[in-house]
Amino acid sequence: MADNYFDAIVIGSGISGGWAAKELTEKGLTVMMLERGRNIEHVKDYVNAQKDLWEFPHRGQRTQQMIEDYPVLKRDYPLNETVLDMWVKDKESPYTETKPFSWFRGYHVGGRSLTWGRQSYRFNPADFEANLKEGIGVDWPIRYEDIAPWYSHAEKFAGIQGNRDGLSVLPDGDYLPAIEMNIVEKDVAKRLKEHYKGTRHMIMGRSANITQPKPEQNRLNCQYRDRCWRGCPYGAYFSTQSATLPAAMATKRLTLRPFSIVTKILYDKDTKRATGVEVLDAQTNQTVVYKSKIVFVNASAFNSTWVLMNSATDIWPGGLGSSSGELGHNVMDHHFRLGASGQAEGYDDKYYFGRRPSGIYIPRFRNWDGDKRNYVRGFGYQGSASRSRWSRDVAEFSVGAELKEALTEPGSWSVGITAFGEMLPYHDNKISLDKSKKDKWGLPVLNMDVEIKENEKNMRVDMMADAKEMLEAAGLKNVSTYDGGYEVGMGIHEMGTARMGRDPKTSVLNGHNQVWDAPNVFVTDGAAMTSASCVNPSLTYMALTARAADFAVSELKKGNL
Amino acid sequence: MERRELLKLITLATGGVLIGGELFLSGCKNDPKIGGETFTPEDIAFLDEAGETIIPQTATPGAKAAAVGSFMTVMVNDCYAKDDQKIFHSGIGKLNDAMDKKFKVAFMEATPAQRKELFTELDKEAREYAKKKSDFDREQSAKLKDATAKGESFEKKTMDPHYFTMVKQLTLLGFFTSKTGATETLRHISVPARYDGDLPYKKGDRAFFE
């Protein structure tokens, strides 16, 4: 039994799970980190990292077999021959959809920390106050000041490249030197600033790619290959494998157990505490129990909630944390897939060297600084300027040497931007256990019942129109808009379902991410989010996790857990 | 593929030549992978020559050296939906017929000049067809959107792609992503190690393989 006892159990090994393991072990706790999928060892298991495109039989394209095997992943760009091993096999891990929901998952050590977009932004002070001011959802139980030091802590360790741009809408952090904009982006940024008199900005995207080596973490700086998704052999972008896992391992207090599906958190109703977890070994089908003083739930938003829903059901039929009636509710994502692009003229004598891992960012400007729209909240844009490649159409030449010569040179410059908008927390946007369907281990699957509503739809009108207007204001030619259609989940930013709040009657977690009904259970991934902001959320999960871990250890020491 | 690359993908998919984008779209049909037809060594030799007509050897190797013939067969077998496979297979016969009609010669016996002349015509035909197809597809999408808004059902139809578009797309994809295409015709820097966003460029400098 002693082998099965740890100070802390961490469920999940992605961005937030890795952070929980690192913080808790560094503070002296023995930790068991449970991962439902296989192990992926840093560098060694990045099987495609060093391959050239011609080494892939279909040059990265999707095959009909892949389409059949990945009925969910095929809905958007993640289905790709070069990163197939980084996504869950959809057929093995079904879910049901009352309304269309794309759920793109990574069931392996490192989770989606291996495939994330690496954009790393702080929420701003207003993001934490908006729910209260507008009477939407519930108030965040924390304010910007509560999390700011933890943002710094996360940024310094993870390594975020970016500029301190001095914008109130996008607070500055502790950054490594920024990757540069290219010449066209710089000019567009200048023109936007002039045209909008300093109310709109194009800045370098802040991302978790290091621009200086971190020898203490055994990480090299970015080599500008732009192959992050296949795993970085230099450890240049932040992932569990490159950063938090080795830090936790270095303490010699971490045990990592892959192929471990947590089926429930064990709960003692007398002490009102969790006592450990029950694990289904995905390889042997054996059930194993691990005991601990505290449990960190970091299984990714929906799976964290799935674990809670399956726990303590003898006391609460809806599961641990369901006493509020909010468990599984208030699902959020970032809605996107629309924007604009246009051509930049006059730069035929300019090109670029190297392939950047991040593009530009245009922070929110709507409903900000006195602007008022027919919706609340706002959106930002990601994008880049580049010269077109061999895949462009050359109308002058049909076939032959002339066509070949033309395609051998880079084509015209264009700038493209894609909007990412905030989605509000609606109680009726929910996930629930669908007991009519079981996965291959006989476990009930999740049902998704989520949609965007009026506020998001109104926002999308601006997201597209503003993109066009800005690119035209910046002097770009032939500006065209696009809307690729959005299905909830495609943002791969699942949030909510176990929100933080100030009142156990209306929230699942308190201001320290403790489950109200089980104070030694902490949920610190996307599930905890009370609102979504419009910025990419992972940095906030890192900060929330480090903050909660610090609190948990201090409470443990005080004997309060 | 990165998230911010999405736009590029969509731009390709709605632009003139739909490399990758076309595969992306045809891939969405989710038809079972049953082609029924197989490629013979003669087909591969034929496709090599067709590819070479589109991207010939110049100062650098051409499509044949990049083995685009066998690449095309892999892509058609594995990535094309069943209907598209049929169109591609019948395209081989159509190319031969067109050559016979124009020059009274089999494609494999025709001179490079004859092949180029025929392909120039076919390219024009395929472009005009592609325009019609894109208008039609847009119209169908609009109808679907209208019907959905009204709560009605609407079965979206699509026009088949032109076989010559397929051959040209696969040639360009196969050539420019091949080792010779990427490293000898284009420039490939495997590990750039730095970024320069203000690199001087003069006409004739080769593009980097990205």
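This is a predicted model: local features need pLDDT of at least 70, side-chain atom pairs count only at pLDDT 80 or more; totals for chains, interfaces and linings use all residues.

In chain A, what percentage of the contacts with a separation of 6 or more is accounted for by residues 24 or more positions apart?

Author: Residues are numbered from 1 along each chain as its sequence is written, and chains are lettered from A and ligands numbered from 1 in the order in which they are written.

Residues 24 or more positions apart account for 71% of the contacts in chain A with a separation of 6 or more; two residues are in contact if their C-beta atoms, placed from the backbone, lie within 7 Å. Of the 561 residues in chain A, 57% are buried, a term that requires 20 or more other C-beta atoms within 10 Å of the residue's own, again placed from the backbone.

The secondary structure of chain A comes to 10 helices and 18 strands, where helices (H or I, at least four residues) and strands (E, at least two) are DSSP runs numbered from the N terminus. Three strands of chain A form an open, mixed sheet in the order S3-S15-S14; strands pair if DSSP finds at least two bridges between them. Strands S3 (96-97) and S14 (430-438) of chain A stand at the edges with a single partner strand each, so one side of each has no neighbour in the sheet. S3(A) runs parallel to S15(A) (residues 444-449), joined by two bridges, and Thr96(A) stands opposite Asn447(A).

The contact between the chains takes 52 residues from chain A and 61 residues from chain B. On the side of chain B that touches chain A, the largest share, seven residues, comes from H1(B). That side divides into 30 nonpolar, 13 polar and 18 charged residues; Ala, Val, Leu, Ile, Met, Phe, Trp, Tyr, Cys and Pro count as nonpolar, Asp, Glu, Lys and Arg as charged, and the others, Gly among them, as polar.

Strand pairing also links the two chains: S10(A) (residues 350-353) and S1(B) pair in the antiparallel sense over three bridges, with Lys350(A) opposite Pro200(B).

Methods. A residue is buried if 20 or more other C-beta atoms lie within 10 Å of its own, exposed if 12 or fewer, and partly exposed in between; C-beta atoms are placed from the backbone.
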